[in-house]
Amino acid sequence: MSSPKVRVEERDIVIARGDGGEEELFSGVERLKKVDSGSVKRRTKSFHPPIETHWHLPLAEGKREGSNFSIKSLLSFSLMKLGRSKSKEMVLQGAHDPKHEEIVESFRTMLSLVDLLPPKHDNYHTLLRFLRMNDFDMEKSKDMFRNYLKWRKEFRVDMLPKEFHFTEYTEVKKCYPHGYHGVDRHGRPVYIERIGLVDLDKLGQVTTHERFIRYHVSEQEKTLRVRFPACSLEAKRHIASTTSILDVNGIGMSNFSKPARYLFMEIQKIDSSYYPETLNKLFIINAGSGFKMLWKAVKTFLDARTAAKIQVLGSDYLGVLLQAVDPSNLPTFLGGDCTCSEYGGCLMSDRGPWKNQEFLEMIQAVSSGKETNGQNEHGDEASEDSLMPKNVDMQNENDFSKSLALEERARAMTDSSCRLALQKIDQLEAALRDTKNKIKTLEDALQETKMALKELAQLKEQPKM
């Protein structure tokens, strides 16, 4: 009897949302082996929903489940809403998926026991990203996290804002058009590269591969520390991943030279190993026959989870792209409405919520509050503000300092008011408990009086002897 034929079928991945419905979350290709009977062999790798799926703000007061709240808890929540710093932290931190909380806590304990959890990196969502990347395998996640900490120390990541200055930024942009520009329809930052216009020879003249990689890491840090928080504040929900667009018009096998391979492999290794789960979707557009041949080689360098988030499109990409990104956030060279002429082009503008001065001040205030006594891996004080765009540091410095001082004073006044209010609530609750006790005593006395009167009435009704 002949063995059954095996065929490979490509289809979009559809993942259940958990509420009984299904949602097409990735347009990437899942390769399934099917036999003639139609049975499907089990996948060897899990594909999780977008990382923000469960990261929503707490329900509004009117939508909270249950009604068994004490006066103190209700008023405490209202007072917290008055505190600007509290509301900022709720947006920036997001909510935790109950299904993941237990395993993240177990992972945290595991790392702490082997001294692999510096306070700077003891963050719920950071730990969750490493767990998701490894299908929640604790041992694999621990090894990956250990390598991450080792790499940060060796690469001196926390010192980049002080030690590394990418002075060739403008020249690099001319021969390697790339940059962040606006947000997608969910509120995630949009990153664009026009890789078909890259001049590697010119790039090698204005910078080195090593410096470009350091620049890439500094941009990744800025995205984690500034872009994601700013997008979260604007979208009023937790944002933790990026939507990317790669224009490969004119790219073929000849473009994948040794220097190009080195740069691609180093950046891909850094992104997947040390910044896992930060890509929501990658649209590769203007893919011709030459690129499709190249794509077969490139895919071998990608893990299955990353490949599943990539959608390759030809020249008729615009309809798909507009489903993800509003035209106002797309440059005209991609079919959108934006030109950013005042900045010399969209990829020179770094346009997005992270340019909003008010958001930057909020992020800086929250970060400084968290890391008042924090230090980085090299013993220096943490410097989140150095990751802010230079215009915040250089322009209107006095006004910026004054606004921070005013915000700190307002936050201190708010915190003081909250403490006083909570103290009064405690006093009122104590008085209320005392009143309840007195009422109970009176009710008991009243009950006893009723019983005594009832007995007297019965005695009166008895016939006289």
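The model is predicted, so local features need pLDDT of at least 70 and side-chain atom pairs count only at pLDDT 80 or more, while totals for chains, interfaces and linings use all residues. Residues are numbered from 1 along each chain as its sequence is written, and side-chain values use heavy atoms, without hydrogens and water.

**Aromatic pairs**
- The whole structure holds 15 aromatic pairs (ring centres within 6.5 Å, taking the six-membered ring of Trp).
- Phe130 and Phe145 make an edge-to-face pair (planes over 60 degrees apart), with 5.2 Å centre to centre and 80° between the planes.
- Phe130 belongs to helix H4 (residues 124-133) and Phe145 to helix H5 (residues 138-155), so their pair ties together parts 15 residues apart in sequence; helices are DSSP runs of H or I, at least four residues, numbered from the N terminus.
- One aromatic cluster is formed by Phe164, Phe166, Tyr169, Tyr176, Phe212 and Tyr215.

**Charge over rings**
- The charged end of Arg227 sits over the ring of Tyr180, 3.9 Å from its centre (CZ of Arg within 6 Å of the ring centre and within 35 degrees of the ring normal).
- The charged end of Arg227 also sits over the ring of Trp354, 5.6 Å from its centre.

**Packing of H5 and H9**
- H5 packs on helix H9 (residues 209-235) at about 120°, with the axes 13 Å apart; axes are lines fitted to C-alpha atoms over the stretch in contact, and angles run from 0 to 180 degrees between N-to-C directions.
- Trp151, Arg152 and Phe155 of H5 contact (heavy atoms within 4.5 Å) Ile213, Arg214, Val217, Glu221 and Arg225 of H9.

Notes
Phe/Tyr/Trp six-rings, centres within 6.5 Å; stacked < 30°, edge-to-face > 60°. Helix = DSSP H or I, 4+ residues; strand = E, 2+ residues; numbered from the N terminus.
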